[in-house]
Amino acid sequence: MTNNIFSNSITQVKGLAILLVVLGHIASPLGATIFSFHMPLFFFLGGVFIKTTYPASNFLQKNFVRLIFPYLIFGVLGLLVNDLKNILLHRPLEDLLHNVTGLLFWMDSSRLQHYGMVLWFLPALFWARMLSYCLIKYLKINDLLIFMLCVLCAYLFANLIDVTLPFGLDKGLVALPWVFMGSVFNRHKEEILTASIWQAVLIALLVALMIYFRGMPRLDMATKNVDHIFVTLPYTFAVIFLIIYLIYNVNLGASAPLKTISIVISLFGSQSMLVYIVHPYTNNGAYLLVTHFLGEGYWYLKLAVTITMLLAVILIKVRHQNLPLFKYL
């Protein structure tokens, strides 16, 4: 296994994940399927490159700058844009104290009812990465026992305890098994990605049987509405494995057309933070444009419009990387 192919494959998986997020937030018939695994996939990828060789202070600083700074900057921007929209449309302004405490204290999706609504993911990923780092570095037990501890935390806060913790900590605890398993995957990628095609087919068959007999798992990690964790975990891990396995093995012998497609997907993957934060604005713009000219529906046109807008934003960033706005994206 070459590190270059693996790294490119992970970037493409990240690109696919962010495109699924964009599609999931457009009213499409694929929404239920996408929501059943796309956020676990994002959290899993967030754990792949956890490096416990970094000193704790460096790891904390790096993650705070990469995740919490964008959350705060674009959370404030989301509040300002929302208030500007209300002023232009002659609507009453929302409760400022409620919005500010939601942004700075709760960091919870139910209290981020503006263009920053998707930002709950960033504090949750921050906590899940920090907790995974500490468990791996300081808890001197094997991965299976650590994973069981992570599952227990997720089960408590997703299925048993109905409580919202400050700073999005409860969402981070729910995300913990996926982030931790991302780090385990990275340490054992050689064995996992060299599995035979028949093993992958068997896993795909098991996923199909789970869906057939139990239906698509319900999964909304933003609100901790997680179908029974002991069903959701194996389902999402199986889907994540199949996605990464397929993309990695395609990259091993990619033809020219596939390489062209992979370049576009890699572009979105390399700019995933930018796309994640900006897509609520482009999705809303696409909705307004398509609805104005064609009426309701036409989700595929809304997708095409929002992706075109996102590509334009990515191009602007690539050409103007030194702009302060792009520093944390």
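Trainee: How do the residues lining the largest pocket divide into nonpolar, polar and charged?
Mentor: This is a predicted model, so keep that in mind. The lining has 16 nonpolar, eight polar and seven charged residues.

Trainee: What space lies in that largest pocket?
Mentor: About 710 Å³.

Trainee: Which elements give two or more residues to the lining?
Mentor: They are α1 (3-24), α3 (38-48), α4 (56-88), α6 (121-138), α12 (256-270) and α13 (272-294).

Trainee: And which one gives the largest share?
Mentor: That is α4, with six residues.

Trainee: How many residues line the pocket, and which lie nearest its centre?
Mentor: The lining has 31 residues. Nearest the centre are Lys-14, Arg-66, Leu-67, Ser-272 and Met-273.

Trainee: Back to α3. How many of its residues are buried?
Mentor: 11 of the 11, so α3 is largely enclosed by the rest of the structure. Among them are His-38, Pro-40, Phe-42, Phe-43, Phe-44 and Gly-47.

Trainee: New topic. How many salt bridges does the structure hold?
Mentor: Seven. Side chains of opposite charge can pair when their charged atoms come close.

Trainee: Which residues are linked in a network of them?
Mentor: Asp-108, Arg-111, Asp-170, Lys-171 and Lys-224.

Trainee: Take Arg-111. What does it form a salt bridge with?
Mentor: With Asp-108. The closest N and O atoms are 3.5 Å apart.

Trainee: Is Arg-111 buried or partly exposed?
Mentor: Arg-111 has 23% relative accessibility, so it counts as partly exposed. Asp-108 counts as buried because its value is 4%.

Trainee: Where do Lys-171 and Asp-108 lie?
Mentor: Lys-171 is in helix α8, and Asp-108 is in the loop between α5 (96-106) and α6. The pair therefore ties together parts that are 63 residues apart in sequence.

Trainee: What is the N to O distance for Lys-171 and Asp-108?
Mentor: 2.4 Å. Lys-171 is buried, and so is Asp-108.

Trainee: What about Asp-227? Which residue does Asp-227 form a salt bridge with?
Mentor: Arg-214, with the closest N and O atoms 3.0 Å apart. Asp-227 sits in the loop between β2 (225-226) and α11 (229-252), and Arg-214 sits in helix α10 (residues 197-214), so the pair ties together parts 13 residues apart in sequence.

Trainee: Are those two buried or partly exposed?
Mentor: One of each. Asp-227 counts as buried at 8% relative accessibility. Arg-214 counts as partly exposed at 45%.

Trainee: You mentioned α8. Where is Val-179 placed?
Mentor: In that helix, α8 (residues 169-187). Val-179 is buried, with a relative accessible area of 0%.

Trainee: How many Å separate the C-alpha atoms of Val-179 and Leu-72?
Mentor: 22 Å. The two are 107 residues apart along the chain.

Trainee: Last one, the surface. Which residues form the nonpolar patch?
Mentor: Leu-139, Ile-141, Leu-144, Leu-145, Met-148, Leu-149 and Leu-152. Together they have about 600 Å² of accessible area.

Trainee: Which helix holds Leu-152?
Mentor: Leu-152 is in α7 (residues 143-160).

Trainee: Why does Leu-152 count as partly exposed?
Mentor: Because its relative accessible area is 45%. Partly exposed runs between the buried cut-off, under 20%, and the exposed one, over 50%.

Conventions:
Residues numbered from 1 in each chain as written. Predicted model: local features only at pLDDT ≥ 70, side-chain atom pairs only at ≥ 80, totals over all residues. Heavy atoms only, no water. Patch = residues over 30% accessible without salt bridge, like charges linked within 9 Å, V, L, I, M, F, W, Y side chains within 5 Å. Areas by Shrake-Rupley, 256 points an atom, 1.4 Å probe, with all protein chains shown as cover. Salt bridge = Lys/Arg side-chain N within 4 Å of Asp/Glu carboxyl O. Helix = DSSP H or I, 4+ residues; strand = E, 2+ residues; numbered from the N terminus. Buried < 20%, exposed > 50% of the residue type's maximum accessible area, 1.4 Å probe, protein only. 1 Å grid on protein atoms, 1.4 Å probe; cavity = no way out; pocket = protein on both sides within 12 Å on 5 of 7 lines; lining within 4 Å. Points joined across faces, edges and corners; volume = space filled by probe spheres on them. Nonpolar A, V, L, I, M, F, W, Y, C, P; charged D, E, K, R; others polar.
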